[in-house]
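Subject: Structure for you to look through

Dear colleague,

I am handing over the structure below, together with some notes on what turned up when I went through it. Please read the notes with the structure open beside you.

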Amino acid sequence: MSRKITYMLARILKMNYFKMFKIAGAVSKKCDKSFVGVVKDMVHCGMKYQAGYYDYQEFEFYNLNEAQRETYLTRGKNNAIIIKYNDKEYMPVFDDKIAFNKKFNDFLNRDWLDLDETEFEEFRSFTEKHPVIMAKPADGVGGIGVEKYNTADYKDLRALYEGLKKKKQNLIETFIIQHPDMNVLYDRSVNTMRMFTFCKDGKGCFLQAVLKIGNGGVVDNFSSGGMYTFVEDNGVVEVPAIDKEDKLYEKHPITGTDIIGFRVPMFEEAVELVKKAAEVVPQVGYVGWDVGISENGPVIIEGNSFPGVFQKRASLSKDKTGIIPKYRQYMDI
């Protein structure tokens with residue numbers, strides 16, 4: 001049985017049909033198409049393009065012809081890339097944040113501690129040098145469990161030390177002071193980029209960059225209230241940002257800063273950084289790197305060996321073309 005058929009069968013068994021029909025109803029109303037017709041088209045796209053109902057809605061498959069649909073990276077196609085190019089034996093180093101920091105220490109450009117290997121006196125010395133810290137669980141995802149601490153606010157530093165260990169926030173990192181231009185965009189979180197690379201014949205290749213922006217919270221994650229947009233190869237944003245409520249923003253709703261036209265500082269340096277990092281574990285060929293732009297240059301925060309699917313929706317794309325043509329310049333898909 002082919003991987004494509006296996007994937008589709010698994011999706012059919014796990015599918016939330018209530019959500020599927022809800023999305024179909026919304027699309028039907030939006031496009032003035034019959035509900036049954038939309039459902040049939042969803043099934044067709046699922047079978048032919050491995051597009052789930054979220055793909056169908058997010059990338060506006062209902063507004064695309066067959067040739068245009070072929071250019072879009074769906075979750076099924078993304079899974080196939082990961083299976084083909086990311087060796088499971090080497091992927092755990094990306095799943096554990098502490099293991100990742102050890103492997104990619106030369107690309108972090110900041111100090112950090114593993115509390116499991118750190119005595120209190122070393123922690124105290126670290127906080128004297130870096131009074132503001134970020135604490136993270138080693139296996140956290142989506143920004144869950146990530147907290148910022150100003151250690152000067154704690155009279156009992158040992159109690160903080162023991163509390164962090166109890167909460168399994170064992171990865172301690174210096175707080176990234178981001179570039180002033182990124183602060184203008186939004187200053188309560190580090191606004192990071194998800195930068196995608198592919199390692200071809202041992203050489204790192206840059207694929208695309210997504211700019212994640214905080215919106216009311218201290219992290220920029222989409223799942224935690226943030227939003228995202230796309231950075232062109234020249235480092236400039238040309239389309240609005242989108243949040244999980246599907247709202248589009250040409251300006252930041254809190255700071256009022258223009259999102260369209262925003263130029264990411266030190267973008268070229270960030271591209272070179274992730275291209276070099278991609279060559280460290282070539283057995284994991286397809287990686288999404290989270291990169292911050294500090295006042296001293298780009299820093300890698302973490303790497304994702306199961307990167308998500310990001311591409312401009314049809315209504316934001318000039319030619320209604322997805323990311324696959326660019327990916328095919330580097331990989332066989």
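In this predicted model, the side chains of Arg75 and Asp55 meet in a salt bridge, with 2.1 Å from N to O. The two residues are 20 apart in the chain, Arg75 belonging to helix α6 (residues 75-85) and Asp55 to helix α4 (residues 53-58), and the pair thus links distant parts of the chain. Asp55 is buried, with a relative accessible area of 0%, whereas Arg75 is partly exposed, at 31%.

A search of the whole structure gives 23 salt bridges, and two others deserve a place in these notes. Glu70 forms one with Arg328, where the closest N and O atoms are 4.0 Å apart. Here Glu70 sits in the loop between α5 (66-69) and α6, while Arg328 sits in the segment after α13 (324-327), 258 residues apart. Glu70 counts as partly exposed at 32% relative accessibility, and Arg328 is also partly exposed, with a relative accessible area of 42%.

Lys84 and Asp332 likewise meet through their side chains in a salt bridge, at 3.4 Å from N to O. This pair joins helix α6, which holds Lys84, to the segment after α13, which holds Asp332, across 248 residues. Lys84 counts as partly exposed at 45% relative accessibility, but Asp332 counts as exposed at 56%. Elsewhere, salt bridges link Asp41, Lys48, Glu66 and Arg69 in a network.

Turning to the strands, you will find an open sheet of 7 strands with antiparallel pairing, in the order β9-β8-β7-β6-β5-β10-β11. Its edge strands, each of which pairs on one side only, are β9 (248-249) and β11 (297-304). Helix α12 (residues 267-277) packs on this sheet, where it touches β5 (193-200), β6 (203-213), β7, β10 (286-294) and β11, and its direction makes about 45° with that of β5. Within the sheet, strand β7 (residues 227-231) pairs with strand β8 (residues 241-243) in the antiparallel sense over 2 bridges, and Tyr228 stands opposite Ile242 in β8.

Strand β5 also contains Cys199, which counts as buried at 8% relative accessibility. If neighbours within four places in sequence are left aside, Cys199 is in contact with Gly204, Ala278, Glu279, Pro282 and Gly285. Its C-alpha atom is separated by 9.1 Å from that of Met331, a residue 132 places away along the chain.

As for the aromatic residues, the structure holds 25 aromatic pairs. One of them is the edge-to-face pair of Phe94 and Trp289, with 6.0 Å centre to centre and 65° between the planes. Because Phe94 lies in helix α7 (residues 92-95) and Trp289 in strand β10, this pair ties together parts that are 195 residues apart in sequence. Both Phe94 and Trp289 are buried. A single aromatic cluster is formed by Tyr49, Tyr56, Phe59, Phe61, Tyr62 and Tyr72.

Finally, there are charged side chains placed over rings: Lys148 lies over the face of Phe175, at 4.3 Å from the ring centre, and Arg158 lies over the face of Phe120, at 4.1 Å from the ring centre.

With kind regards

Note on methods
Residues numbered from 1 in each chain as written. Predicted model: local features only at pLDDT ≥ 70, side-chain atom pairs only at ≥ 80, totals over all residues. Heavy atoms only, no water. Pairing = 2+ DSSP bridges. Helix = DSSP H or I, 4+ residues; strand = E, 2+ residues; numbered from the N terminus. Contact = heavy atoms within 4.5 Å. Axes fitted to C-alpha atoms, helices over the stretch in contact; angles between N-to-C directions. Buried < 20%, exposed > 50% of the residue type's maximum accessible area, 1.4 Å probe, protein only. Phe/Tyr/Trp six-rings, centres within 6.5 Å; stacked < 30°, edge-to-face > 60°. Lys NZ or Arg CZ within 6 Å of the ring centre and 35° of its normal.
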